[in-house]
Amino acid sequence: MGSIRQCSRSACQRSAIATLTYVYADSTAVLGPLATYAEPHCYDLCAIHAERLTVPRGWEVMRLALPEQPPVPNTDDLMALAKAVRQAGTVPDNPDEAPAQRGLREPIEPPSESGGARRGHLRILRGQQ
């Protein structure tokens, strides 16, 4: 899902349009379009910070084509997510048609009132005073 991310630079509130990745073995910085997922060792940059990018002496910068504007959230993705959440929260009319869920157990029935009530395995003990 295409969520809008902010620039990684401190105090910058602008939307990110590029992702910066360092390839330390090659002394290269790669600046490309915003990655689909936020990675822990990558930096998302806004247009201004992407344009002003500098690297240490001896390093090379690979600049890939960048979009002019930040990505716009796709309403189709949001609607699909909302539909999936709604479907997960609905209870089927026929319990036999319910999808098998991992760890699903039968409901616990309360003890019968016919005098043969079972004692539970937990008891309250009074503390010493």
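The structure is a predicted model in which local features need pLDDT of at least 70 and side-chain atom pairs count only at pLDDT 80 or more, while totals for chains, interfaces and linings use all residues. Residues are numbered from 1 along each chain as its sequence is written, and side-chain values use heavy atoms, with hydrogens and water left out.

To begin with the overall picture, the protein chain contains 2 helices and 4 strands; helices (H or I, at least four residues) and strands (E, at least two) are DSSP runs, numbered from the N terminus. Along the sequence these elements follow the pattern β-β-β-α-β-α. The chain has 129 residues, of which 15% count as buried; here buried means under 20% relative accessible area, exposed over 50%, and partly exposed in between, with a 1.4 Å probe and protein chains only. The accessible surface comes to about 11,600 Å², and carbon and sulfur atoms hold 52% of that surface; areas come from the Shrake-Rupley method with a 1.4 Å probe, and for residues only the protein chains shown count as cover. Among contacts with a separation of 6 or more, 60% involve residues 24 or more positions apart, where contact means heavy atoms within 4.5 Å.

The 4 strands form an open sheet with mixed pairing, in the order β3-β1-β2-β4; two strands pair if DSSP finds at least two bridges between them. At the edges lie β3 and β4 (60-63), each of which pairs on one side only. Strands β1 (residues 18-23) and β2 (residues 28-33) run antiparallel and are joined by 6 bridges. In one of the pairings, Thr19 has Gly32 in β2 as its bridge partner.

Asp44 sits in strand β3 (residues 42-45) and is buried, with a relative accessible area of 9%. Apart from neighbours within four places in sequence, Asp44 is in contact with Arg5, Gln6, Cys7, Ser8, Ala16, Ala18, Thr19 and Leu34.

Turning to the aromatic rings, the structure holds 4 aromatic pairs. Rings of Phe, Tyr and Trp (its six-membered ring) pair if their centres lie within 6.5 Å, and planes under 30 degrees apart count as stacked, over 60 as edge-to-face and the rest as tilted. Tyr22 and Trp59 form an edge-to-face pair, at 5.9 Å centre to centre and 85° between the planes. This pair links distant parts of the chain, with Tyr22 in strand β1 and Trp59 in the loop between α1 (47-51) and β4, 37 residues apart. Tyr22 is partly exposed at 25% relative accessibility, and Trp59 is partly exposed at 24%. The rings of Tyr24 and Trp59 have their centres 5.8 Å apart and their planes at 85°, so this pair is edge-to-face. Tyr24 lies in the loop between β1 and β2, 35 residues from Trp59, and is exposed, with a relative accessible area of 59%. Ring pairs join Tyr22, Tyr24, Tyr43 and Trp59 into a cluster.
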